[in-house]
Amino acid sequence: MSQIEARSVEVVGGFAFDVGVSATSGWQSTGISVSPGETLNISYLSGLWVGRVGDPYHGPEGPTFDAYPGGSNYPLPGVVEDSLVGRINKTVFFVGRQLRLPVREAGVLELTINDIGHYDNRGKITMRVVVTK
């Protein structure tokens with residue numbers, strides 16, 4: 001697991017973190033700790049990625065053509081391959097372009113592309129992460 005670069009930005013009511021997520025790595029720690037009772041808000045800012053060289057680039061929602069669910073060995077089986085997924089401890093969830101999630105357990109947010117074998121992936125996306133009470 002690698003650490004991704006998070007840049008803090010001021011937003012109304014607190015701070016947000018803009019995090020870049022590479023398609024060429026597995027689980028990447030944002031370094032953002034969350035606790036029960038907080039709400040995690042993640043939204044797409046910019047960038048494109050692809051899970052297979054030669055396919056069209058797309059955003060964190062996954063491909064809009066030939067979209068297949070990830071197999072049992074994917075980070076989140078049954079969810080569109082090459083989409084953005086997250087996890088806190090062992091709880092894995094779909095993020096896509098936008099997510100609002102009540103936090104149920106303390107942990108550090110990690111993000112990745114829903115893919116296996118990152119050797120043929122390309123690109124990077126940037127997401128904004130806001131944690132509210």
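**A loop residue and the salt bridges**

Modeller: Leaving aside residues up to four places away in sequence, Asn114 touches Tyr74, Pro75, Leu76, Val79, Val80, Glu81, Asp82, Ser83 and Val85, a contact being heavy atoms within 4.5 Å. The model is a predicted one, in which local features need pLDDT of at least 70 and side-chain atom pairs count only at pLDDT 80 or more, while totals for chains, interfaces and linings use all residues. Residues are numbered from 1 along each chain as its sequence is written, and side-chain values use heavy atoms, with hydrogens and water left out.

Asn114 itself sits in the loop between strand S9 (107–113) and S10; strands (E, at least two residues) are DSSP runs numbered from the N terminus. With a relative accessibility of 0%, Asn114 counts as buried. Buried means under 20% relative accessible area, exposed over 50%, and partly exposed in between (1.4 Å probe, protein chains only). The side chain of Asn114 also reaches the backbone oxygen of Val79, at 3.0 Å.

A salt bridge is a side-chain nitrogen of Lys or Arg within 4 Å of a carboxyl oxygen of Asp or Glu. The side chain of Glu81 forms one with that of Arg52 (3.8 Å, N to O). Both residues lie in the loop between S5 and strand S6 (84–88), so this pair ties together parts 29 residues apart in sequence. Glu81 is buried, at 8% relative accessibility, whereas Arg52 is partly exposed, at 36%. A network of salt bridges links Arg52, Asp55 and Glu81.

The structure holds six salt bridges. Among them, Glu61 pairs with Arg97, whose closest N and O atoms are 3.1 Å apart. Here distant parts of the chain are linked: Glu61 belongs to the loop between S5 and S6, and Arg97 to the loop between strand S7 (91–94) and strand S8 (98–102), 36 residues apart. Glu61 is partly exposed at 26% relative accessibility, and Arg97 is partly exposed at 43%.

Another salt bridge joins the side chains of Lys133 and Glu38 (3.4 Å, N to O). Lys133 lies in the segment after strand S10 (122–132) and Glu38 in the loop between strand S4 (28–34) and strand S5 (39–50), so the pair ties together parts 95 residues apart in sequence. Lys133 is exposed, with a relative accessibility of 82%, while Glu38 is buried, at 11%.

How values were computed: Helices (H or I, at least four residues) and strands (E, at least two) are DSSP runs, numbered from the N terminus. A polar contact is a pair of N or O atoms within 3.5 Å; within protein, one must be able to donate a hydrogen and the other to accept it, and residues adjacent in sequence count only if both atoms are side-chain atoms.
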